[in-house]
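Subject: Structure handover

Hello,

Here is the structure for you to look over. Please open it alongside these notes.

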Amino acid sequence: MLKERFKDVIPPDSFRLHHYYDLIGGTSTGAIIAAALAIGMSVDEITQKYKELGSDIFQKGGWLDKIHDLWKSKYDVKPLRRHLDQFFKDIKIGDDDIKTGLTIVAKRLDSFSTWPLTNNPKAKYFERNNFYVKDYVRASAAAPTYFIPEVLKDIGTQKEYLFVDGGFSLMNNPSLQLFMIATFKGYNLHWKTGKDHLMITSIGTGRRPRNLNLDKYKNPNNLQLAQIVADVFMSDSTEFIETMMQSMSTSLTARVIDREIGDLKDDLIGGHEQFTYNRFNVFFDVDQVKALGFDFNDDQLDTLSEMDNAANTNDLIAIGLAAGKKEVKPEHFPAAFDLKP
């Protein structure tokens with residue numbers, strides 16, 4: 001679809017998403033994909049890499065490892081680092097190998113602050129934070145309990161910073177952060193807002209409805225609460241970000257946030273659209289997935305929602321392809337759009 005629209009400018013076999021987007025960003029696993037797109041990798045290349053990545057880094061151990069997992073990270077970080085080194089070599093955030101704007105979101109654990117790192121040379125701390133892409137992507141994907149935190153040094157002061165997965169910030173869905181990067185004066189891009197000037201496309205990793213057993217959680221122990229607290233926070237942050245994005249935009253993909261506020265089409269903040277926005281995300285519900293051509297029951301969908309189960313890779317890719325074929329339309333991607341300031 002996009003190749004057809006750019007066929008007179010870029011040969012179809014040479015088209016990459018960085019030719020269309022002026023800024024690509026991601027958090028956690030999305031940081032890997034965003035950085036790979038920004039250096040010119042194709043979707044097919046990234047898909048193949050992910051098949052290798054998942055099976056290598058998420059190695060399940062025996063019962064002794066499960067006991068160990070109760071107080072230490074579940075997975076050895078070395079395979080992940082090896083794959084990121086293959087992806088990104090020695091490319092730094094400020095290098096010309098990055099072919100479009102890039103933002104990677106990580107969470108600085110020692111200061112509780114969210115760090116959106118960009119390759120904008122006018123950014124205030126660009127020189128001090130010109131990290132290797134592989135290191136900062138690793139920081140963004142350092143999911144607590146799964147991998148140990150990442151330590152990075154300020155290039156100027158050599159002060160150490162401790163990072164964990166950007167998904168443990170409010171910007172688990174980084175679309176609002178990227179809007180801020182593009183428009184807030186302090187970030188020094190100063191892009192023009194408005195539905196005809198700024199377009200944001202957001203891609204999710206799937207949503208699974210939650211329905212906890214009431215009896216089990218009426219009087220929970222601390223371990224039970226600890227096991228769900230991250231999911232509770234990430235669910236809230238995702239809903240908040242989608243609420244904010246839909247309340248500031250015109251969107252062909254706006255969903256009903258809840259039964260009280262609806263899809264917010266009549267609740268634009270400031271009375272006008274700040275940007276055009278489209279969000280694509282699969283809802284892992286039996287009926288919704290069946291509409292895509294898959295016959296999974298609830299137990300199977302629970303298993304598919306396990307983010308560290310490499311056995312899910314092929315099914316998830318198939319579901320994503322089917323959802324894209326059904327839900328992504330040409331009108332979501334204008335051929336001529338005033339994206340530049």
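Below is what was found, from the whole chain down to single residues.

First, the ground rules. This is a predicted model, where local features need pLDDT of at least 70, side-chain atom pairs count only at pLDDT 80 or more, and totals for chains, interfaces and linings use all residues. Residues are numbered from 1 along each chain as its sequence is written, and side-chain values use heavy atoms, with hydrogens and water left out.

**Overall**

The protein chain has twelve helices and eight strands. Both are DSSP runs, numbered from the N terminus: helices are H or I with at least four residues, strands are E with at least two. Along its principal axes, the C-alpha trace spans about 55 × 50 × 40 Å. The radius of gyration is 20 Å, in agreement with the value near 20 Å for a compact globule of 341 residues. That radius is taken over C-alpha atoms, and the globule rule is 2.2 Å times the number of residues to the power 0.38.

Of the 341 residues, 43% are buried. Buried means under 20% relative accessible area, exposed means over 50%, and partly exposed lies in between (1.4 Å probe, protein chains only). A contact means heavy atoms within 4.5 Å. Among contacts with a separation of 6 or more, 67% come from residues 24 or more positions apart.

**Around β2**

Start with β2 (residues 101-108). Eight of its eight residues are buried, so the strand is largely enclosed by the rest of the structure. Gly101, Thr103, Val105 and Lys107 point one way, and Leu102, Ile104, Ala106 and Arg108 point the other way. Note that Lys107 and Arg108 are on the buried list too.

Which strands pair with β2? Pairing here requires at least two bridges found by DSSP between two strands. Strand β1 (residues 23-27) runs parallel to β2, with five bridges. Leu23 is the bridge partner of Gly101, and Ile24 that of Leu102. Four of the five residues of β1 are buried, so β1 is also largely enclosed by the rest of the structure.

Strand β3 (residues 113-118) runs antiparallel to β2, with six bridges. Strand β5 (residues 160-164) is antiparallel to β2 as well, with two bridges. Arg108 takes part on both sides: it stands opposite Ser113 in β3 and opposite Phe163 in β5. The hairpin of β2 and β3 has four residues between the strands, and Phe112 there takes a positive phi near 65 degrees.

**The three-stranded sheet**

A separate entry is the open sheet of three strands, in the order β6-β8-β7, with parallel pairing. Its edge strands are β6 (199-203) and β7 (249-250), each pairing on one side only. Five bridges join β6 to β8 (residues 275-280).

Ser237 is found in α9. Is Ser237 buried or exposed? Ser237 counts as buried, at 2% relative accessibility. Leaving aside residues up to four places away in sequence, Ser237 touches Ser169, Leu170 and Asn172.

**Helix α3**

Helix α3 (residues 43-57) has 15 residues and reaches 21 Å from its first C-alpha to its last, close to the 21 Å expected at 1.5 Å a residue. The expected span is 1.5 Å times one less than the number of residues. Its buried residues are Ile46, Tyr50, Leu53, Gly54 and Ile57. Seen down the axis, they fall within an arc of 90 degrees, so they line one face of α3. The arc is that of the directions from the helix axis to the C-beta atoms. An α-helix has 3.6 residues a turn, so residues three or four places apart point the same way. The cover over this buried set includes α2 (29-38) and α5 (78-88).

**A loop residue**

Ile148 lies in the loop between α6 (133-140) and β4 (150-153). Ile148 is partly exposed, with a relative accessible area of 41%. Beyond residues up to four places away in sequence, Ile148 touches Ser73, Val77, Arg138 and Ala142. The C-alpha atoms of Ile148 and Phe163 are separated by 9.3 Å, with the two residues 15 apart along the chain.

Best regards
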